[in-house]
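Here are my notes for your first look at this one. Keep the viewer open and follow the points in order.

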Amino acid sequence: MATNYNGITLYYNSQTSLGKKILAYTKTSEKKIRSVDISKTKVTGTQWASIAYNLNIKLEEIVNREHPDFQAEYSETTNLSQDDWIKILQANPATVKCPILINKNSFNLVKTPSEVTKILEGESEDFDARNP
């Protein structure tokens with residue numbers, strides 16, 4: 001994945017209600033948006049690392065630790081390396097907390113559909129995902 005993003009890309013999971021809603025919201029935009037369904041398209045470890053870096057968060061912060069797939073394999077106190085987190089994201093894309101929308105060089109965790117419009121219209125300021 002290149003480090004210079006010129007277009008708009010949505011990483012979402014079509015298996016989740018939020019993923020479906022966010023995708024629908026992006027389709028109402030007149031902007032050309034590349035959609036990547038992480039339930040069908042494997043995202044590389046390098047891509048996950050780049051996304052986390054540009055969100056200014058750790059890889060583990062992309063993972064929903066309350067998701068049943070995560071809890072079936074790991075406990076809250078399990079100590080995992082960066083490589084382990086990448087393997088979790090690749091093997092269990094359903095554990096991704098929420099869709100990720102990249103608008104040029106602005107990376108955003110999208111927790112509600114209404115955030116899509118703000119991000120696409122440039123109203124969303126770049127922010128530290130740990131303190132939205």
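1. One term before we start: a residue is called buried when its relative accessible area is under 20%, exposed when over 50%, and partly exposed in between (1.4 Å probe, protein chains only). Proline 93 has 15% relative accessibility, so proline 93 counts as buried.

2. A word on what you're looking at. This is a predicted model, where local features need pLDDT of at least 70, side-chain atom pairs count only at pLDDT 80 or more, and totals for chains, interfaces and linings use all residues. Numbering starts from 1 along each chain as its sequence is written, and side-chain values use heavy atoms, with hydrogens and water left out.

3. Where is proline 93? Look in the loop between helix H4 (82–91) and strand S3 (100–103). Helices (H or I, at least four residues) and strands (E, at least two) are DSSP runs, numbered from the N terminus.

4. Which residues does proline 93 touch, leaving aside its neighbours within four places in sequence? Asn13, Ile38, Ser39 and Ile88 are in contact with it, contact meaning heavy atoms within 4.5 Å. Asparagine 13 is 80 residues away along the chain, yet its C-alpha atom and that of proline 93 are separated by 7.4 Å.

5. Now the sheet. Four strands form an open sheet in the order S2-S1-S3-S4, with mixed pairing; two strands pair if DSSP finds at least two bridges between them. S2 and S4 stand at the edges with a single partner strand each, so one side of each has no neighbour in the sheet. From one strand to the next, the twist averages 15°.

6. Take the pairs one by one. S1 (residues 8–12) and S2 (residues 33–37) run parallel and are joined by five bridges; tyrosine 12, for instance, has aspartate 37 in S2 as its bridge partner. S1 and S3 run antiparallel with four bridges, and isoleucine 8 stands opposite asparagine 103. S3 and S4 (residues 106–109) are also antiparallel, again with four bridges, and here isoleucine 102 faces phenylalanine 107.

7. Zoom in on the hairpin of S3 and S4: there are two residues between the strands, and lysine 104 takes a positive phi near 60°.

8. Check the side chains of S3 too. In a regular strand they alternate between the two faces of the sheet. Ile100 and Ile102 point one way, Leu101 and Asn103 the other, and all are buried.

9. S1, helix H1 (residues 17–27) and S2 make a right-handed β-α-β unit. Right-handed means that, with the strands pointing away from you, the path from the first strand over the helix to the second runs clockwise.

10. Finally, H4. Which of its residues are buried? Trp85, Ile86, Ile88 and Leu89 are. They cover an arc of only 160° around the axis, which puts them on the same side of H4; the arc is that of the directions from the helix axis to the C-beta atoms. On the other side, Asp83, Lys87 and Ala91 are exposed. The buried residues of H4 pack against H2 and helix H3 (68–73).

How values were computed. Axes fitted to C-alpha atoms, helices over the stretch in contact; angles between N-to-C directions.
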